[in-house]
Each structure stands twice: as structure tokens, then as C-alpha cells.
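This short report is for a reader meeting the structure for the first time. Look at the sequence and the model, then read on.

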Amino acid sequence: MAEEKKQAKKSWSKGLKAEFDKIIWTDRKTLGRQTAAVVVISAVICILITLVDSASLQLIETIIK
């Protein structure tokens, strides 16, 4: 029984290593570009959400008064 568990663990770790060997990592230049794109898009969306929130708050305050 213990031998079967050891064999299963070895099989699992071999399978895991085989899957990691299939991963294609991006090069440093592409990773930098993608990271910059995510940061810029996140900033733009943050600004848009802030503008919409401020505008709707002003509208609600105008309606209430």
C-alpha cells in the first residue's frame, strides 16, 4: 500500500513536470509591453469611473436641492 502511494506521488510529480515543460514563457520585451498596456488601461478605466461617479453625484445633488 505504501509503495503504491509512493508510485502515485512520483507519477503525479512527473506529470506536473511534463506540464511545466509545455509552458511557453513570453520574452522580457513582450512582458514589459503587456504590463505597460495593463497599467495604462487600468488608469484610463479608473479615470472614467471617477468621472462618471462625480458626474452622477453632482446630478443627484442638483436634483435633491
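## A nonpolar surface patch

Trp-12, Leu-16, Phe-20, Ile-23 and Trp-25 make up a nonpolar patch on the surface, and their accessible area together is about 620 Å². Patches take residues with over 30% relative accessible area and no salt bridge; nonpolar side chains (Val, Leu, Ile, Met, Phe, Trp, Tyr) are joined within 5 Å, like charges within 9 Å. Accessible areas come from the Shrake-Rupley method with a 1.4 Å probe, and for residues only the protein chains shown count as cover.

Trp-12 has 61% relative accessibility, so it counts as exposed. The cut-offs are under 20% relative accessible area for buried, over 50% for exposed, and partly exposed in between (1.4 Å probe, protein chains only).

## About the model

The model is predicted: local features need pLDDT of at least 70, side-chain atom pairs count only at pLDDT 80 or more, and totals for chains, interfaces and linings use all residues. Residues are numbered from 1 along each chain as its sequence is written, and side-chain values use heavy atoms, leaving out hydrogens and water.

## The chain as a whole

The protein chain has two helices and zero strands. Both kinds of element are DSSP runs, numbered from the N terminus: helices are H or I with at least four residues, strands E with at least two.

Of the 65 residues in the protein chain, 0% are buried. The chain's accessible surface is about 6500 Å². Carbon and sulfur atoms account for 69% of that surface.

## Two salt bridges

The structure has two salt bridges. Each needs a side-chain nitrogen of Lys or Arg within 4 Å of a carboxyl oxygen of Asp or Glu.

Asp-21 pairs with Lys-17, with 3.4 Å between the closest N and O atoms. Asp-21 and Lys-17 are four residues apart in helix α1 (residues 2-22), so about one helical turn separates them. Both Asp-21 and Lys-17 are exposed.

Lys-22 pairs with Glu-19 at 3.2 Å, N to O. Lys-22 and Glu-19 also lie in helix α1, three residues apart, about one turn of the helix. Lys-22 is exposed at 58% relative accessible area, whereas Glu-19 is partly exposed at 46%.
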